[in-house]
Amino acid sequence: MKIIVFADIHYFAGTCEQYKSTTKLVHHGLPVFKALIKKINEEHKPDFCVNLGDSIQDLNDKQKDLAALKEVSRLTDTIECPCYTIFGNHDLKMMDSVEEVEEILGESGTRSFDLCGWHLVFLSPEIRGELGTARGGCYKAQYIADKTLSWLSDDLN
């Protein structure tokens with residue numbers, strides 16, 4: 001079984017003078033992501049892919065993050081094998097709920113299934129309110145809820 005795992009589309013090699021770092025707004029990473037998808041489809045041909053998330057960069061602008069998440073989801077749909085997404089902290093940071101991200105991506109964050117003799121488990125964190133940070137501003141804490149841990153225990157049994 002061949003699996004391809006990728007993550008952090010908002011992060012890629014090189015620097016962007018505008019941001020003085022290797023963490024970029026997602027539109028800077030989209031050409032690299034499109035090239036990756038082309039390689040996946042034409043050269044690697046895996047049995048399935050896993051996107052570990054962090055597809056968007058927090059802009060403190062929910063509408064821009066929503067548009068970026070939708071675009072990455074649209075591009076992921078062009079991968080010519082099943083591709084499963086796990087939600088990253090950046091994917092959840094600007095959203096109101098896990099359910100909102102699930103609706104955009106068209107898949108549940110917490111799920112399991114059997115594939116090629118393996119039992120695959122995906123866990124999605126919950127979002128807990130806004131907390132203050134040392135630099136001011138806000139931060140949405142993410143955690144694995146008791147209900148998810150209970151589901152996991154039942155699933156693994």
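Select strands S4 (residues 48–51) and S5 (residues 83–85). The two run parallel and are joined by 3 bridges; strands count as paired if DSSP finds at least two bridges between them. Strands here are DSSP E runs of at least two residues, helices are H or I runs of at least four, and both are numbered from the N terminus. Within this pairing, Val50 stands opposite Tyr84 in S5.

This is a predicted model, in which local features need pLDDT of at least 70 and side-chain atom pairs count only at pLDDT 80 or more, while totals for chains, interfaces and linings use all residues. Residues are numbered from 1 along each chain as its sequence is written, and side-chain values use heavy atoms, with hydrogens and water left out.

Phe6 stands opposite Asn51 in S4. Now show the side chains of S4: Phe48 and Val50 are on one side, Cys49 and Asn51 on the other, and all are buried. Buried means under 20% relative accessible area, exposed over 50%, and partly exposed in between, with a 1.4 Å probe and protein chains only.

Keep Phe6 and select Phe33. There are 5 aromatic pairs by the rule used here: ring centres of Phe, Tyr or Trp (its six-membered ring) within 6.5 Å, with planes under 30 degrees apart called stacked, over 60 edge-to-face and the rest tilted. Phe6 and Phe33 make a tilted pair, 5.5 Å centre to centre with 55° between the planes. Because Phe6 lies in S1 and Phe33 in helix H1, the pair ties together parts 27 residues apart in sequence. Phe6 is buried at 8% relative accessibility, as is Phe33 at 3%.

Go back to Phe48 and Tyr84. Their ring centres are 5.8 Å apart and their planes at 65°, so this pair is edge-to-face. It links S4 with S5, parts 36 residues apart in sequence. Phe48 has a relative accessible area of 1% and Tyr84 one of 17%.

Last, select helices H1 (residues 26–44) and H2 (residues 62–76), which pack at about 5° with axes 11 Å apart. Axes are lines fitted to C-alpha atoms, for helices over the stretch in contact, and angles run from 0 to 180 degrees between N-to-C directions. H1 is therefore roughly parallel to H2; that term covers angles under 35 degrees, with over 145 roughly antiparallel, 65 to 115 roughly perpendicular and the rest oblique.
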